[in-house]
Amino acid sequence: MSTSQTTSAAPRVHRYELKDLVEWDKRIRAKVAEFGLDCYPQEFEICDHTGMLGYMAYSGMPSHYPHWSYGKSYEKLKTLYDHGVSGLPYEMVINSNPAIAYLMRDNTLLLQILTIAHVYGHNDFFKNNFTFKSTRAELTVETFKAHALRVRRYVEDPSIGQERVERILDSAHALSWQCRRNLAIKKLSPSEQLDRAVEAAQPRHDPFHKIHARQETAPVDYHKVPLEPDEDLLLFVRDHNPFLADWEKDLLTIVDEEAKYFISMMETKIMNEGWASYWHKRIVESLDLDQSLHLEFIVRHNQVIRPIPGQINPYHLGMKIWEDLYRRHTNPTAEETKRDGPLSKSGNEKIFEAREVERDSSFLRRYLTEELIREMDLFQYETRGEEVVVSKVADIEGWRDVKETLIKAVGTNSIPVLKVEDADFGQNRTLYVKHYHDGRDLQLDYAEKSLSHLQRLWGREVVLESVLDGKRSLLCSNERGFTVRALK
Amino acid sequence: MPNDDTIFREYRPSDAERSDRSAGDRLRHRQKVRESIRENIADIIAEESIIGKDRDRVIKVPLRGIKEYRFVYGDNTPGAAQGDGDSRPGQVVGKKGEGEGQGDGHAGDRPGVDYYETDVTLEELIEIMFEDLELPNLERRALREVATDQAARRKGYRKVGIRVRLDKRRTAKQRITRMLASERRKGAGAPASSAGTPPAADGTPAQNLLETPAARKRRFPFHQDDLRYKHVEVDTKEESNAAVICIMDTSGSMDTMKKYLARSFFFLLYQFISTRYRNVEIVFIAHHTEASEVTEEEFFHKGESGGTFISSGYQRALQIIAERYHPSLWNLYAFHCSDGDNFDSDNPAALKAAEELADICNLFGYGEIKPLGSRYYESSMLNVFRRIAAPNFHTVLIERKEDIWPSFKAFLAKDRVQE
């Protein structure tokens, strides 16, 4: 390692080779163990900027099925990068066992050290957070590879071909996020649903039935499909459209599986990035870097976690909350002790517990305090006419609304909830889907196109119940086109 | 902590090639963009007046079908963001559709962040338009076949080439660029070469140590990498001779709208032929009661008036064919646009001349321009020409701008169906 001779303002560039990285990795891993992080084995791959762009376009997967949309996203990333609009990430980590991370070849030594520490933060999070329990990390790479192989085979099959595969994938992609959000909750099989419906239809046990009027129970409609509203649109179509070929069903399964893999990421973006940033800071600060490296660390670290006015920087928000949570459980103010009572857990215990059992929405709900909201000057904005205007700020009346709005915008909360209510609406095999409206309307042109994708997969008319401008409406998509009509 | 060691996979340039796995998907994406443009061509031609426009002009083309739709929340969705410390209610923080708020990484992002328009130059557009069109019935009339047409076109610059094509100006510029870059690198401190710039870095640092700074300043020789060569592509085509005769009615009854439609049609035809066929000769004939051969400029831009003798235009065409383009040697295409408002007395003559033209031409097309409604009170040549039985005679009716592209395609596509 180089020794620092002079203190110059400009950060010096450290030459390094792979063995230096290995060396630093050893030191970082010692710290990781010391702090009690619990990681999968880790693999690093050094790549250049084209490699990184490629991985970004395919969400970091070493192999992925082909679809033009990935070419589109590559072109977009490349254009943005070439014109200097956006830089490249220092790293990318994928949730797999062993965890795979990509490091940019041209980064400085310090950036690599910072990045390696950051990656271990993600790695620990992937291994321990409950959201990722349903993703089988040891099979991630193989699963994606198998998907790629299957899709390629369909493309090459002369009786199927690229056009038809693409049509299904286009439609499936439009609907892929319309799936279950909390994968830790088990989905009941149809027979279990039936049991539950039958049980619900039984008269409740009433010790005073003799003196009570007879309970009214509605009979179970055994023929209703689905018995309970179903959120997994793609899987529902796969299981209930008898006209789909096997390869079409398989494509729907593939798209659904990939979406569920990414749902976990989406659900924990703020926590995960905050956690990794929090740990790279603690680890790197404990490494006793020499002065020039340390100066560069301060610069780089601040670039990553700086707040971006007008946006939410998940690194900043997440790290703030983790730091605050740790502080409140190690060094609470007198006021906090009075309010929250004596400490039951140490700071470390508390944050490790939180990283295991929370996801973004619950994490924000529980640990984003009024003081933090005020300190970060979070606000709520709305579109009024052609302008975007601040509508609520973090004052006494507003902070709860700001928090509520923020929670509604994180993870899968930013995706409208759609459920299949009836697969045989009007005895016509019309698919009846309901949008669970929560005050936010659907973007109509997007809804129209997406609904036509659903119709294409379903093969018959599809109707969507929603609320537009306060009026209950029915959006219909059939072979004659798209119509909207008001419901009473 | 895992027992097994962390694995580091070193960068290998061969991996960089593997990482070009997006090539197939990128290609497919570009195909879709092109398809989308082609689907919109009828609209573009109807909306934009492309006649006489500079070929480098940029046209905005909406792209449909390559935008990815999902169910997303609309405008009445409030968002949350971080302020700069003193946010007040009512403060304007952005414009609608700017992609405000939300931060990165949110799937199902707000609309407006996806691009759905692309800029295309007129030249590219024309190229895409005519991609799958060809002059129908093009036979190789054997007697006088132009053996080859070697057109050498300059196309870009390469790092390798033959000496005569060395582009001195670019080479010199390249050297200056490299000189400036290397000076900046030296200014930033010697070890910077480790960070990148692979081609220059090999070997040069060692050399630099041997030279004094003054000597370096004096001498900065050309390097192999500086050399730039003009690249020339040779298009070799073997084609038969073809001549296209454009006949347009410029009589008084052809009002501005009709002339516009006729000219749009011929403009397309002209662009098509000049883009696709290098050795096709084009003849322009304008006629009212008399016909004359005019230049391209006059044909597209000059107005005239008077009565209409369609036969005069045909006679003139026949005359030119007899003089210059013997049917046994040339593939002949004749297209005529008129509003069909011919003097009745001329109809038999016109019919006869048309039959003659159809007889000697590979294809003879007649486009009748009747802006909406006028068909009911103006006379039409379509009825007259119905009597022509020749299979290579085609008529179309152009009623509005939107008809131009379909009828143009119909003209060129018809014969291929027969084949």
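How many bridges join strand β5 of chain A to strand β4 of chain B, and in which sense do the strands run? The views below are taken from a predicted model.

**View 1. Strand pairing between β5 of chain A and β4 of chain B.**

**View 2. Contact between chain A and chain B.** On the chain A side, 81 residues are in contact with 64 residues of chain B. The chain A residues that touch chain B comprise 43 nonpolar, 19 polar and 19 charged.

**View 3. Domains of chain A.** Domain 1 is made up of two segments, 18-129 and 268-299. Domain 2 spans 314-413, and domain 3 spans 414-486. Taken over C-alpha atoms, the centres of domain 1 and domain 2 of chain A are 26 Å apart.

**View 4. Contact between domain 1 and domain 2 of chain A.** Here 13 residues of domain 1 are in contact with 17 residues of domain 2. On the side of domain 1 that touches domain 2, α4 (109-128) and α10 (269-285) of chain A each supply at least two residues. The largest share of that side comes from α10(A), with eight residues. By residue class, the side of domain 1 that touches domain 2 divides into five nonpolar, six polar and two charged.

Terms used
Residues are numbered from 1 along each chain as its sequence is written. Chains are lettered from A and ligands numbered from 1 in the order in which they are written. This is a predicted model: local features need pLDDT of at least 70, side-chain atom pairs count only at pLDDT 80 or more; totals for chains, interfaces and linings use all residues. Domain bounds come from an automatic or database domain assignment. Two residues are in contact if their C-beta atoms, placed from the backbone, lie within 7 Å. Helices (H or I, at least four residues) and strands (E, at least two) are DSSP runs, numbered from the N terminus. Ala, Val, Leu, Ile, Met, Phe, Trp, Tyr, Cys and Pro count as nonpolar, Asp, Glu, Lys and Arg as charged, and the others, Gly among them, as polar. Two strands pair if DSSP finds at least two bridges between them.
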